[in-house]
Amino acid sequence: MRLRSVDEANPVQRALRGFVASRPGAWVSKRVLHRLDRLGHRLAPGRALPSQRLAAVPVGMLTTTGARSGQPRTVPLMLAPLEEGWGVIASHYGSERPPAWYFNLRAHPGATLEVDGIVHRVRAVQVQGPDRERVREAALGFYRGYTAYEQRAGGRDLGFFVLHPERD
């Protein structure tokens with residue numbers, strides 16, 4: 001699947017990205033999009049997820065260990081490809097509270113990330129300063145909705161991580 005930066009996206013992809021960034025779109029997406037991606041992953045493992053197909057943005061399936069339960073938890077996330085791994089932002093569509101995976105990574109930084117059918121063992125590092133800005137800029141290259149999420153998040157720091165692949 002060919003990913004498309006903001007400038008390369010076609011009109012349909014731009015419209016979808018704009019809708020998801022809006023308040024109503026974020027409300028719908030928060031309740032529906034991850035379920036569609038999970039179903040798509042279950043029905044066609046190793047294939048591009050529905051959100052990746054529709055919007056041509058990088059999406060992967062992150063499996064963390066529950067901060068309280070200790071059980072595996074898998075969620076689809078938009079990724080910011082970096083030279084040393086992948087950046088992820090705990091925006092939760094601009095909610096005032098971070099998503100559960102944010103707490104899971106802080107408690108247990110070891111995780112797995114499935115990208116394009118390949119499962120990578122990763123170690124999450126929460127980043128600040130210039131590294132945070134680098135993740136933010138990489139993410140904005142595919143999806144400008146993060147700026148709207150930052151404004152709606154009620155002043156909370158969204159939580160930026162780099163997922164570094166672990167070497168065997």
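Two strands count as paired here if DSSP finds at least two bridges between them. Keep that in mind for the tour, which runs through a predicted model.

**The sheet**

Start by selecting the strands. Seven of them make up an open sheet, in the order β2-β1-β5-β6-β7-β4-β3, with antiparallel pairing. At the edges are β2 (72-78) and β3, each of which pairs on one side only. Ignoring direction, neighbouring strands are turned by 35° against each other on average.

Next, select helix α4, residues 100-107. This helix packs on the sheet and touches β1, β2, β4 (85-89), β5 (110-115), β6 (118-126) and β7. The direction of α4 makes about 55° with that of β1.

**Walking along the pairs**

Go to β1 and β2. These two strands run antiparallel and are joined by seven bridges. To see one of the bridges, pick T64, whose partner in β2 is R73.

Move on to β5 and β6, an antiparallel pair with six bridges. Here E114 has V119 of β6 as its bridge partner. The two strands form a hairpin with two residues between them. Select D116 in the turn: its phi is positive, at about 55°.

Then show β6 with β7. Five bridges join this antiparallel pair, and A124 is partnered by L163 in β7.

**Helix α1**

Select residues 11-21, which are helix α1; the buried ones are Q13, R17, V20 and A21. Look down the helix axis: these buried residues fall within an arc of 100°, so they line one face of α1. The face turned away from the buried side carries P11 and V12, both exposed.

**The cores**

Nonpolar side chains tend to be buried together in soluble globular proteins. In this model the largest nonpolar core has 24 residues. Select M78, I89, V135, Y143, Y146, Y149 and F160, the members that touch the most others in that core. Elements giving two or more residues to the core are α1, β1 (59-65), β3 (80-82), α5 (129-140), α6 (145-152) and β7 (160-165). The most comes from α5, with four residues.

Apart from this core lies another, of 17 residues; V75, A90, L113 and L163 are among them.

For a last stop, centre on Y143. Which residues does Y143 touch, leaving out those up to four places away in sequence? They are V6, R17, V20, A21, M78 and Y149. Of these, R17, V20 and A21 are buried residues of helix α1.

Definitions and conventions:
Residues are numbered from 1 along each chain as its sequence is written. This is a predicted model: local features need pLDDT of at least 70, side-chain atom pairs count only at pLDDT 80 or more; totals for chains, interfaces and linings use all residues. Side-chain values use heavy atoms; hydrogens and water are left out. Buried means under 20% relative accessible area, exposed over 50%, partly exposed in between (1.4 Å probe, protein chains only). The arc is that of the directions from the helix axis to the C-beta atoms. A nonpolar core is a set of buried Ala, Val, Leu, Ile, Met, Phe, Trp, Tyr and Cys residues joined through side-chain atoms within 4.5 Å. Contact means heavy atoms within 4.5 Å. Axes are lines fitted to C-alpha atoms, for helices over the stretch in contact, and angles run from 0 to 180 degrees between N-to-C directions.
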